Amino acid sequence: MSGGSGGGSSAPGRFADYFVICGLDTETGLEPDELSALCKYIQASKTRDGASRFISSATEGENFEQTPLRRTFKSKVLARYPENVEWNPFDQDAVGMLCMPKGLAFKTQADSREPQFHSFIITREDGSRTFGFSLTFFEEVTSKQICSAMQTLYHMHNAEYDILHTPPTNDKDSCSSTGDCNGTSVSKLQRFNSYDISRDTLYVSKCICLITPMSFMKACKKVLEQLHQAVTSPQPPPLPLESYIYNILYEVPLPPAGRSLKFSGVYGPIICQRPSTSELPLFDFPVKEVFELLGVENVVQLFTCALLEFQILLYSQHYQRLMTVAETITALMFPFQWQHVYVPILPASLLHFLDAPVPYLMGLHSNGLDDRSKLELPQELGVREETSSKKDLKIQCDEEEFKIYQLNIQIREVFANRFTQMFADYEVFVIQPSQDKESWFTNREQMQNFDKASFLSDQPEPYLPFLSRFLETQMFASFIDNKIMCHDEDDKDPVLRVFDSRVDKIRLLNVRTPTLRTSMYQKCTTIDEAEKSIELRLAKIDHTAVHPHLLDMKIGQGKYELGFFPKLQSDVLSTGPASNKWTKRNAPAQWRRKDRQKQHTEHLRLDNDQREKYIQEARNLGSTIRQPKLSNLSPSVIAQTNWKFVEGLLKECRNKTKRMLVEKMGREAVELGHGEVNITGVEENTLIASLCDLLERIWSHGLQVKQGKSALWSHLLHYLENRQRKATSGSFSTSGILLDSERRKSDTSPAMSPLRISLIQDMRHIQNISEIKTDVGKARAWVRLSMEKKLLSRHLKQLLSDHELTKKLYKRYAFLRCDDEKEQFLYHLLSFNAVDYFCFTNVFTTILIPYHILIVPSKKLGGSMFTANPWICISGELGETGVLQIPRNILEMTFECQNLGKLTTVQIGHDNSGLYAKWLVEYVMVRNEITGHTYKFPCGRWLGKGMDDGSLERILVGELLTSHTEADERQCRTPPLQQSPSMIRRFVTISPNNKPKLNTGQIQEAIGEAVNGIVKHFHKPEKERGSLTLLLCGESGLVSALEQVFQHGFKSPRLFKNVFIWDFLEKAQTYYETLEQNEMVPEENWQTRARNFCRFITAINNTPRNIGKDGKFQMLVCLGARDHLLHHWIALLADCPITAQMYEDIALIKDHTLVNSLIRVLQTLQEFNITLEASLVKGIDI
């Protein structure tokens, strides 16, 4: 709604966000607005082809041949203050188009040049609104180039007109007769809108505009009119204009709810008032004007069309009237809100929007000369044209303004009262399938949200034709969605809170004096109270803003020139005062509201097709099942109806599982490079949520007695109680509750004890999550967890295997007691095991999760003798643990921390204390004890001074292992899945020199694959990207591939001494530093690269971390990739004399062709913004 929805989207409490000036940019000159001109040309062509009756309007310049003064030229945003505000980013295109929707207008001294005020709305992507108020006036054109250009256009136009209308010379009679006609036409044309540079003064339109978070139309109009008056008045204003604009931008606050505010314009005080949270939302347009323009009958008809979501096109010569009518109609809808395309002023360049195949409310400007039949309208479109010649109301005094406020609130209260009476009992019919916040937006299917049939059966008969259609609209569905979402008073949407308080009053009244529902009109009783509130606010002003004052401007700034809006001083207007007490008012609540609104809008936008499909299915199902006639309620009819319902549920289950699998596997296919798919994380969420809806409906079917809000969770609780009773009585063995997954017999290596598969344990995990407070929320979380663990089908099969319990809870005809359908249903759910979901991990990001760690040292080289104090730090996509000290000689431990998401790296090290501070770690395993996801982090390297590369800590990159349950569920017709080969450089051997040598072709291929992996990563939608750390530092990552490049042809070291790549890089650094000291630098470009290289090597060597030489090399490659320097460094090292000393002639780094190829491949990373995980660059600031 107009006033309400905008307010929540602004962070600080400023009255205005921007002051904007639009008009003619004399530097770029006259630019034709091609889109507007094209639309006019098409209209004119249709006119000419259609009928001769439009020839007169064509001659008057209404078609493509119109005179230059009537053509469309582009306007530009000339200035805006401030440049940008973070809570409301400036949309230059939208503001430019809506301030001057028809572009620039040119006039001469002979034309009327009255200033015109209009308002407009900008609707952002998240559904929130910003309001604009614009005053357009005319200024004399002082640029000689523009005047000359206009004169030239006239000469060209007249010449073209003469050519087009010169008759053929071979027919004298025809010539003489048409010549007369042409003579009159041309002379008429020259008289009409002509321009002569020597005798005429040229004027061009200019516009000043305020962009505000709330719609205080009257106050903004006064501000702009007084600013304009200041430049047209013979006397200069009391202060420079900058003082008044600075005041309105930075020193005038938004009035708090239920308060009034007074601030100063240039010539007089301006008052605005804002309704309290218990009144109807802010609305500042004159409703009276709408009734005067259209008449009561037309207003009611237009209002009905809007409620039933028809396509509506408003048509007027005045932009402000378009806004007034559109805003009034949407404001009178309270508590409902228009959900579709809403463009009260449609700029000329966007006329093609009229072809949109969706409901819309749009306003189209007419210039009073064209015929309405020229506009090609969509079929069945209702057009309302205002015909009154009445001018805009000019408020002379506060009394007149108060009358407008009074009439506004009276009419709005009458309309609101009708909806309150009509929907007084609506809450009774709201079906609340979900009460937890994480899934409020999932209940898209109207038929499940609101019991339409029961509601309509309660209504008076005359209401039914309208209500049956109204209940199907998007605005009603969104209203019910809002109701389901809001669980407590603080959480409620402000509009809903006001409406519910009114409904509560009516209910109390009906309890005292019960009345049958009739179609008789119930008088509105709230008008007096609403009027009194406004009167009190206007009688006693609550807040007075700071008065405008002189600013710190240089001498000569703020000059006054009569008739011209001055060029304002941007240095004083670009920033506000350092501290502002209004700035932080209500920000958290407003942002929360905005986030909810954004989520809701995203959900509605993403899932519209699916929504329509489900609604249609539900209607089809509903038409066959709901409310059979009383005479037909025989047992056979009931059985048949029920059977159709069971079949419908099974069919929906099949369709839903198929859709989810296709979407998920489609995405995985893209990761492998096959085809494209357009699913995002949000849509996956809604798909899973809709599966939860379906499970709830299946578990609700045929219940003996409904207990609690969630039938599924209620069943699970009964099952838990049964098992506990049997366990205590001794008739039930523990092994029956917990089904252990078998440990592989052949596996003798140290491994974690497997997690037990237990339905009850998974329930307890959910019960322990304090953030989930409702039964519905717990059921959904349990479903998500079971899907992530690939146990949903297995758990539900176990739940339903307790036949006694199922018989006790469900009637004979219930879906869960139809054996064949139940088996098919479980079979469909089993198909989810084919794909990986992280629907629990990615949704419950703030919960505490226990993690189990297992460190596996090498058996060969005495890990038990290790004397130092080890530590570990685990990182994931959502955060990291910080350093965890590991008790000495303890290799397995469990700890609890906030959800880390998918795990990416482990940092492991020790403090080098004791006699034997050397540790050879084979690998580390970490398991999420709730989801069972286990990650393996291979190491295969020493940690200790004087061992290997001297590292005391290492960064290990992990991979998710496939779960045992998958292996159990999978049929054993194929050989078991093999893990990917272990990390060659860290895992096979201890000495880096014993690595398998690759040839140059294999190394080039490895580099290509590593870079290609990173390129693919950035071409995926952000929500679908995997771990960038794995692509950089994993087994076949960029670090490993570049390591192979530098290992190739490396000269063998002396016996018993290892030489590392880092040793070579340090020598290269020393060489370049010496070269620079001797000032023997070949070229500037080369010098910059060498300095950069030396700076990075020094910074990494100075890091307090003991990451060893290979760790330093890894850090250098990661930083080089981040800062797009790798290709420079390769070129630098290829030309370095140290390379000649330390590499054999066959080395890849010495082959110029191969080096150039490598540089080209690495250059492809330049276009990507690589952000490194904190664990990779910890301790270095560069």
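Two strands count as paired when DSSP finds at least two bridges between them. Keep that in mind for the sheets below. The model on screen is predicted.

**Stop 1: strand β6**

Select residues 202-212, which make up strand β6. Begin with strand β5, residues 129-140. β5 and β6 pair in the antiparallel sense, over 10 bridges.

Pick Val20, and you will find Cys209 of β6 opposite.

Next comes strand β3, residues 106-108. β3 is also antiparallel to β6, with three bridges between them. Here Phe106 has Val204 as its bridge partner in β6.

How many residues of β6 are buried? The count is 11 of its 11 residues, and the strand is mostly covered. Show the side chains. In a regular strand, side chains alternate between the two faces of the sheet. In β6, Leu202, Val204, Lys206, Ile208, Leu210 and Thr212 point one way. Tyr203, Ser205, Cys207, Cys209 and Ile211 point the other way. Residues on both sides, including Lys206, are buried.

**Stop 2: Ser119**

Move to strand β4, residues 116-123, and pick Ser119. Is Ser119 buried or exposed? Its relative accessible area is 1%, so Ser119 is buried. The cut-off for buried is under 20%.

Which residues does Ser119 touch, leaving out those up to four places away in sequence? Select Gly132, Phe133, Met217, Phe285, Gln320, Met323 and Ile345.

**Stop 3: a three-strand sheet**

Select β8, β7 and β13, in that order. They form an open sheet with mixed pairing. The edge strands are β8 (269-273) and β13 (543-544), each of which pairs on one side only.

Zoom in on β7, residues 260-264. β7 and β8 pair in the antiparallel sense over five bridges. For a facing pair, show Ser260 and Gln273: Ser260 stands opposite Gln273 in β8.

**Stop 4: helices α26 and α27**

Select residues 759-767 for α26 and 775-788 for α27. The helices pack at an angle of about 130°, with their axes 10 Å apart. That angle makes α26 oblique to α27. The crossing of α26 past α27 is right-handed.

What meets at the contact between the helices? From α26, show Leu759, Asp762, Met763, His765 and Ile766. From α27, show Lys778, Ala781, Trp782 and Leu785. Colour the contact by class: six residues are nonpolar, one is polar and two are charged.

**Stop 5: a five-strand sheet**

Finish with β18, β14, β20, β21 and β23, the strand order of an open sheet. The pairing here is antiparallel. Which strands stand at the edges? They are β18 (892-898) and β23 (959-960). Each has a single partner strand, so one side of each is left without a neighbour in the sheet.

Now select β20, residues 919-928, and β21, residues 934-943. Eight bridges join these antiparallel strands. Last, show Trp919 and its bridge partner in β21, Leu943.

How values were computed. Residues are numbered from 1 along each chain as its sequence is written. This is a predicted model: local features need pLDDT of at least 70, side-chain atom pairs count only at pLDDT 80 or more; totals for chains, interfaces and linings use all residues. Side-chain values use heavy atoms; hydrogens and water are left out. Axes are lines fitted to C-alpha atoms, for helices over the stretch in contact, and angles run from 0 to 180 degrees between N-to-C directions. Helices (H or I, at least four residues) and strands (E, at least two) are DSSP runs, numbered from the N terminus. Angles under 35 degrees count as roughly parallel, over 145 as roughly antiparallel, 65 to 115 as roughly perpendicular and the rest as oblique. A crossing is left-handed if the near helix is turned anticlockwise from the far one by less than a right angle, and right-handed if clockwise. Contact means heavy atoms within 4.5 Å. Ala, Val, Leu, Ile, Met, Phe, Trp, Tyr, Cys and Pro count as nonpolar, Asp, Glu, Lys and Arg as charged, and the others, Gly among them, as polar. Buried means under 20% relative accessible area, exposed over 50%, partly exposed in between (1.4 Å probe, protein chains only).
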